[in-house]
Amino acid sequence: MENQENYSPLRKYVSVKTDKNVRKLEVAGMEWVKAAAENKLSYEVDWLGVPAIQTPEDLILVQELIFRIKPDFVVETGIAHGGGLIFYASLLELLGKGKVIGIDIEIREHNRKVIEAHSLSKKIELIEASSTSEEVIEALRNKIPKGSKVLVFLDSDHTKAHVLKELELYREFIISGCYIVVFDTITSMLADAGIADKKYIKNTPMEAVQEFLKQNDNFIIDKEFNKLFVSYSPDGYLKRVK
Ligand SMILES: C[S@@+](CC[C@H](N)C(=O)[O-])C[C@H]1O[C@@H](n2cnc3c(N)ncnc32)[C@H](O)[C@@H]1O
């Protein structure tokens, strides 16, 4: 998110506090995220009438990213009820460009019906298969012309091995300046605190990110997207820089 003024000409008139108490924000943010996760607050968020399993803060950050990149394609793995897809599609509709491709290993009939009947459905394509299967990658190669601006959001199986495989497979669609966003990097901490399943201790999207970055020095964590301190995806915004 370097040089915010490039994206928002009014930024220079907004008086942001530069000497924040970062420690206090980090501690309070983590306390909030744990309490929210324990009480499944993210399950109570709808976007245009469809449940989106995200925190409001994460949706705001994604909106900033989509506005900046103005992608040709948004790809999401793990769609659940489809609120994320509707959210991306609504922003692309306002931007006047772009398509959404959603991939899920199981698209339940009631979810599919609501997504397909939605006024934004014309911007959305659904693929039912595992996000790491060859058929999905082949389908994406056919749908996404080379050189397109693509944003990928990974929100399917949150184990390390699966997310690492996704990162390795989906990086080919990301051109310099675009992003893969790895959701739920917080899961290890939630598992440590007894909130998420113990199987996630050191076996989460965050470990996958760390491993991926060791092998891929053309991606960096864009720390600016940690700015709200309340997020399920800290250090999850991976920007391709070369
Ligand atoms: C956390 S939910 C996704 C939430 C959604 N992105 C939203 O914003 O509301 C996880 C989804 O991942 C799907 N999933 C699990 N394993 C998968 C896999 N191997 N490939 C694709 N989707 C998978 C599940 O079926 C579930 O719908």
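Q: Which helices and strands each supply at least two residues of the shell around the ligand?
A: They are β3 (73-77), α3 (83-95) and β4 (99-104). Helices (H or I, at least four residues) and strands (E, at least two) are DSSP runs, numbered from the N terminus. This is a predicted model, in which local features need pLDDT of at least 70 and side-chain atom pairs count only at pLDDT 80 or more, while totals for chains, interfaces and linings use all residues. Residues are numbered from 1 along each chain as its sequence is written.

Q: What makes up the shell around the ligand, by class?
A: The shell has six nonpolar, nine polar and five charged residues. Here Ala, Val, Leu, Ile, Met, Phe, Trp, Tyr, Cys and Pro count as nonpolar, Asp, Glu, Lys and Arg as charged, and the others, Gly among them, as polar.

Q: Why is one side of β5 (124-128) and of β8 (219-221) left without a neighbour in the sheet?
A: The open sheet has seven strands in the order β5-β4-β3-β6-β7-β9-β8, with mixed pairing. Both β5 and β8 stand at its edges with a single partner strand each, so one side of each has no neighbour in the sheet.

Q: How do you know that β4 and β5 pair?
A: Two strands pair if DSSP finds at least two bridges between them. Five bridges join β4 to β5, so these parallel strands count as a pair. In β5, Ile-124 is the bridge partner of Val-100.

Q: Why are α6 and α8 called oblique to each other?
A: The axes of α6 (residues 160-170) and α8 (residues 205-215) cross at roughly 45 degrees and come within 8 Å. Angles under 35 degrees count as roughly parallel, over 145 as roughly antiparallel, 65 to 115 as roughly perpendicular and the rest as oblique. The two helices are therefore oblique. Axes are lines fitted to C-alpha atoms, for helices over the stretch in contact, and angles run from 0 to 180 degrees between N-to-C directions.
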